[in-house]
Each structure stands twice: as C-alpha cells, then as structure tokens.
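Thanks for coming, everyone. Please bring the model up on your screens, and we'll walk through it together.

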Amino acid sequence: MRVEATDHRKIIPLSIRGVPARYNLPMRRVLLAASCLLGGAFLYSQAEKSPYTREMLAAAETLIGLKFTDPQRDLILSSLKDQTAAYEAVRKVSLPNRVPPALVFDPRPVGFEMPTERRAPRWSTVPVPPVPANLEDLAFASVNELAALVKSRKVTSEQLTRMYLGRIKRYDSKLHAVITLTEELALEQARQADKEIAAGKYRGPLHGLPYGLKDLFATKGFKTTWGSGAHRDQVIDEDATVVRKLRDAGAVLIAKTTLGELAMGDRWYGERTRNPWKLDQGSSGSSAGSASITAAGLAAFAIGTETLGSIASPATRCGVVGLRPTFGRVSRHGAMALSWANDKIGPLCRRVEDCAMVFQAIHGGDGKDQAVVDAPFNYTPAVDLKKLRIGYLKNDFDKANRAKEQNEAALALLRKLGADLQPIELPNYDGNALRLILEAEAAAAFDDLTRSGRDAQLVQQERSAWPNFFRTARFVPAVEYIQATRIRYQLIQDMNKLMAGVDVYVAPSFGGGNLGITNNTGHPAVIVLHGFNKDGTPTSITFMGRLYDEARVLAVARVYQEAAGFYKQRPKLD
C-alpha cells in the first residue's frame with residue numbers, strides 16, 4: 001500500500017503501540033505512515049485492543065463495494081476507535097428535527113442571473129358570481145370567484161367557513177383527510193376577516209378564505225403530528241412561516257390535513273386518506289389530505305410539500321392543480337424537515353391561477369430559512385403561446401404507459417392554442433445516485449427515531465417504508481453522499497444548458513426521468529388535470545419552467561387548463 005505525503009495530514013492521532021503519547025503529532029503521523037509503507041501496521045496495545053476484527057471489516061467491505069488488504073484493514077482498525085468516539089460525540093448532542101445542517105443547497109447554476117424586475121402580479125378579472133340559494137354550490141368555486149364574493153360582502157367569511165366546516169364533518173368520515181379540525185380558530189379568524197373587510201381593510205384575494213394545512217407545519221396551540229404514530233401528541237409552540245404569512249394575508253385555517261407518515265404515501269397513524277373520485281383508492285401522497293380536501297370541495301385551497309413527488313402525485317390522483325415552486329422560494333421554517341436539500345412548499349388548488357394567488361402570499365424570505373432566495377413574481381394571465389419557446393419530452397411521451405390517450409389530446413390542444421412544441425430530451429442521469437442524497441438526509445433528520453427504537457411505532461414497516469430506509473441509509477458511506485452531490489452539481493449545469501433553449505416544457509407527470517431530475521435541480525412544476533381513466537380517476541400533465549419563473553409556467557398552464565375545461569368536473573361523494 002502506497003501512502004502519499006499529503007495523506008499524512010488526514011490520519012487521526014492515535015495511541016499506537018510503542019509510540020508514547022508525549023510524542024508530538026507529526027512524529028506519530030510519520031511513524032504510522034511508515035508502518036503503512038512497510039506493509040504492516042501498529043495495533044492497539046492489549047489494553048486498547050480494538051473490538052473490531054479483520055473479518056468484520058471484510059464483511060463490511062462488501063456493503064460498500066470495496067476490497068482492502070489485511071495490512072490496510074489493520075490500519076483501518078487502528079483508526080476506528082477514534083472514529084467511533086466521534087460518532088459518540090455527535091450523538092451526545094441533541095439535534096431536533098428543526099436544526100438544519102451547515103450546508104445550504106443552491107439550485108442556481110454557474111453564471112445564473114437572478115431576475116430583478118419587480119411588478120405587482122395581475123389577476124384575471126372575474127365578475128362577482130351570484131349568491132346561490134344553497135351556499136354549498138360555492139364549494140368548488142375558484143379562489144378568484146370566492147374572493148370577489150367576500151370582497152364585495154355578498155358572502156361573509158364566516159358563512160364560507162361554516163359551509164366548508166359542514167362539508168368536512170359530513171364527508172371526512174369517507175376521506176380521512178383531516179387530522180385536526182381547527183373549528184374554533186377558523187370561526188374566530190373568519191369573524192375578524194369580516195370586521196376588517198367591513199372597515200375597508202382588505203388584505204387581498206385570500207382574505208377570509210378557508211384553507212387546509214398539511215400537518216407537518218408547526219401551528220401554535222395545535223398538535224403537529226407529522227402523520228406519525230411516534231409524534232401523534234407532539235405540540236410545537238410556534239407558527240411556521242407559511243402559517244404566519246397566510247394569517248397576514250387574511251386566510252382562515254380550517255383544518256390540519258393528513259399526510260402519509262413522515263411525508264411518505266397516504267397512510268398515516270389513523271387511516272388511509274382516500275381519493276374523492278374513487279373512495280376505495282388512496283389519495284396518494286404525501287400531501288394526501290391537502291389534495292383530497294381540495295378536490296372534494298372541503299376548503300378553498302390547501303398547502304402541501306414535495307421532496308420527491310409529494311405534490312405531483314396526490315395532485316394527479318385527486319385531479320387538482322399542484323404548484324411545486326423553485327427550491328428556496330418558500331420558507332420551510334416551522335415545517336418538518338425530511339431532506340434539507342430537497343424539501344419544497346407549494347399550494348394545491350382547483351385552478352391554476354388559485355395557485356398563483358396562494359404563492360404570492362407565501363413566497364419570499366423570513367430571515368430564518370437560509371435557503372430562501374427573494375426573487376420577483378411578476379404573474380400576469382396574459383400570455384401568447386405563439387411567442388414562447390415551448391418544448392416537450394417527446395421520447396418520454398412516446399414511451400409513457402399511463403394516460404397515453406390523454407397525453408396525445410393535451411399535446412394536440414396545446415398546438416391548437418398556438419404552441420410550436422419542440423422535442424427536447426433531458427440530461428441522462430441515474431436517479432439511483434441522486435436518491436442517496438434524499439435518503440441519507442432523511443435518515444439524519446430522524447436519526448433519534450432510529451437509535452431510540454421508536455421507529456417501531458410507525459405504521460408502515462415494509463421494505464419501501466421509512467423505518468427500513470432510515471436503517472439502510474446508515475450504511476451509505478459519507479464519500480458516496482458527497483459524490484452524489486457532485487453528480488447533482490453536474491446535472492444542474494446540464495439542465496441549465498437545456499433550459500437556455502426553452503421558456504417552458506411539458507412532460508408526462510410520471511414515467512421518464514423528469515420528476516426525479518427536476519426535484520434535484522429545483523425547477524418549478526405545475527401539475528394540471530388533463531383527463532380521466534376509464535374508472536373515472538384523474539390523469540395529469542406537467543408544465544415545467546425555468547428557475548424562479550413560476551409566473552410564466554403558471555400562465556402557460558392556465559391557458560391550457562381553461563381551454564381543456566376538465567376542472568369543471570367534480571367527484572361524487574354522496
């Protein structure tokens with residue numbers, strides 16, 4: 001085994017046989033390096049004998065795909081005492097889920113120029129709808145329509161809130177989409193909104209509108225369960241930034257919605273959240289309850305999160321619009337951390353422009369989440385598809401097994417609307433390499449759960465559930481984690497080259513590499529209903545935008561949604 005001189009600096013000082021502790025550090029390093037050059041190794045003295053053996057190391061090598069010689073193993077054994085002591089030092093420090101690592105992911109490629117021009121967003125003008133005899137006829141109205149009614153005082157916030165509360169009480173026994181009904185708070189906030197609006201203090205389109213909040217956001221005075229049996233009684237004594245911003249916008253918190261346990265799937269400690277279009281089917285996850293109540297007309301809108309599909313998947317299953325913003329657009333302060341380099345927050349709504357209105361309220365920094373970048377959001381519904389460079393993932397659409405007929409119809413409609421769709425192809429990357437980042441970070445976020453054995457309290461104990469992922473990730477070498485982040489760096493540069501040629505592109509919501517690649521590059525996505533399967537369940541298409549360009553991708557997706565008209569259809573719950 002050859003050891004270069006530069007390697008000597010990396011050797012941790014040890015208590016080595018024949019080398020008294022009084023010897024200075026360079027001498028001890030030289031002696032240890034010399035032993036390597038001689039093909040042998042100094043071992044612990046009998047009093048300090050390593051509890052590990054060559055055989056153990058040989059077995060462990062098979063897990064990391066490497067093979068060392070016996071002299072090399074002896075050197076490793078001589079270092080493991082200090083390495084395991086470092087583990088113990090780390091584990092003595094209390095690290096709650098809210099503590100992030102000192103490394104902050106930035107999705108901006110080399111040379112990226114942040115947009116600077118700021119304009120106030122513009123919303124579509126809608127006439128004030130007539131007030132129906134049965135207020136429940138407004139249950140599926142858009143945010144824009146509800147805002148027009150509330151602003152004009154044709155309908156009060158309290159009336160809307162009571163209507164949605166009634167629907168939750170009637171239908172949630174079928175959907176299992178609500179963990180905590182915040183009825184008292186909701187009515188208090190609704191009455192306050194009505195007083196303010198009557199006094200001429202109108203906060204904007206969300207003022208007085210009831211919403212659902214995924215139950216991984218800290219909410220003062222209420223449990224924040226993370227959908228987990230191990231955390232079902234957890235109370236976090238603060239409001240997440242998203243909660244505060246929505247309160248400042250005048251929105252009314254009506255319910256904390258279900259999420260798949262620790263943000264995976266649609267199974268939580270109480271039940272499985274259901275798809276309103278097919279009640280014997282799960283709503284998918286992990287933003288399971290937020291998508292379900294929005295689709296079922298139990299709230300005006302809802303908030304979800306995505307790490308790898310947790311907005312896209314339930315939005316597709318439940319037939320709602322999901323906005324996954326650029327990484328770092330919305331503060332995650334007060335939200336459960338799963339993967340610091342991947343977690344994103346976005347709205348689930350019935351209409352595309354609803355998502356724009358909610359995003360306007362929640363985006364921007366708060367001085368607490370260091371990953372947040374303040375960038376303008378210059379939304380306007382006016383967009384000419386003929387003047388945009390719109391790409392599509394031709395090979396992925398050709399190979400897609402799901403929703404082939406709906407995909408073809410959606411592409412045809414976009415062309416009819418003026419889009420000159422240009423075939424593009426994503427960079428070729430192995431998603432398995434990039435998943436190491438998510439899984440290692442998730443294991444770190446819930447390290448105490450694994451080491452304490454409380455992971456046994458989680459509902460899902462299958463091979464592809466969090467407890468097993470957390471345990472397996474303990475065997476991910478730190479070197480491979482770092483290498484995966486370097487691959488991610490390359491991917492970001494390659495994706496930037498692709499996006500230089502298009503303003504927006506469309507992709508199948510599932511199938512191909514788009515979901516995994518763009519979650520790692522941090523690009524914004526809008527998921528829109530584009531038809532139904534034969535069993536009546538929804539299908540979707542995904543619109544992708546440039547970094548920090550949510551305004552344009554939302555505008556394009558809105559043109560499609562309004563022309564396609566699928567949003568007018570409603571699930572039957574009775």
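Let's begin with a question: which residue in β12 does Gly 322 stand opposite? It is Ile 527. Keep in mind that this is a predicted model.

Now, the strands around that pair. Strand β7 covers residues 321-324, and it pairs with β12 in the antiparallel sense. Three bridges hold that pairing in the count. Strand β12 itself runs over residues 525-532. Is β12 mostly covered or mostly open? Mostly covered: eight of its eight residues are buried.

β12 has another partner. That is strand β13, residues 538-545. The two run antiparallel, joined by seven bridges. Look at Ala 525 here: Met 544 in β13 stands opposite. Between β12 and β13 there are five residues, and the two strands form a hairpin. In the turn, find Gly 536, whose phi is positive, about 85 degrees. One general point while we are on strands: in a regular strand, side chains alternate between the two faces of the sheet.

On to the cores. The largest nonpolar core has 110 residues. Those with the most contacts inside it are Leu 206, Phe 217, Leu 246, Phe 301, Ile 303 and Phe 543. There is also a second, separate core, of 36 residues. Leu 348, Leu 426, Ala 440 and Leu 498 are included in that one.

Finally, zoom out to the whole chain. It contains 18 helices and 13 strands. Of its 574 residues, 55% count as buried. The C-alpha atoms fill a box of roughly 90 × 50 × 45 Å along the principal axes. What about the radius of gyration? The chain has 27 Å. A compact globule with 574 residues would have a value near 25 Å, so the two agree.

Note on methods:
Residues are numbered from 1 along each chain as its sequence is written. This is a predicted model: local features need pLDDT of at least 70, side-chain atom pairs count only at pLDDT 80 or more; totals for chains, interfaces and linings use all residues. Side-chain values use heavy atoms; hydrogens and water are left out. A nonpolar core is a set of buried Ala, Val, Leu, Ile, Met, Phe, Trp, Tyr and Cys residues joined through side-chain atoms within 4.5 Å. Buried means under 20% relative accessible area, exposed over 50%, partly exposed in between (1.4 Å probe, protein chains only). Helices (H or I, at least four residues) and strands (E, at least two) are DSSP runs, numbered from the N terminus. Two strands pair if DSSP finds at least two bridges between them. The radius of gyration is taken over C-alpha atoms; the globule rule is 2.2 Å times the number of residues to the power 0.38.
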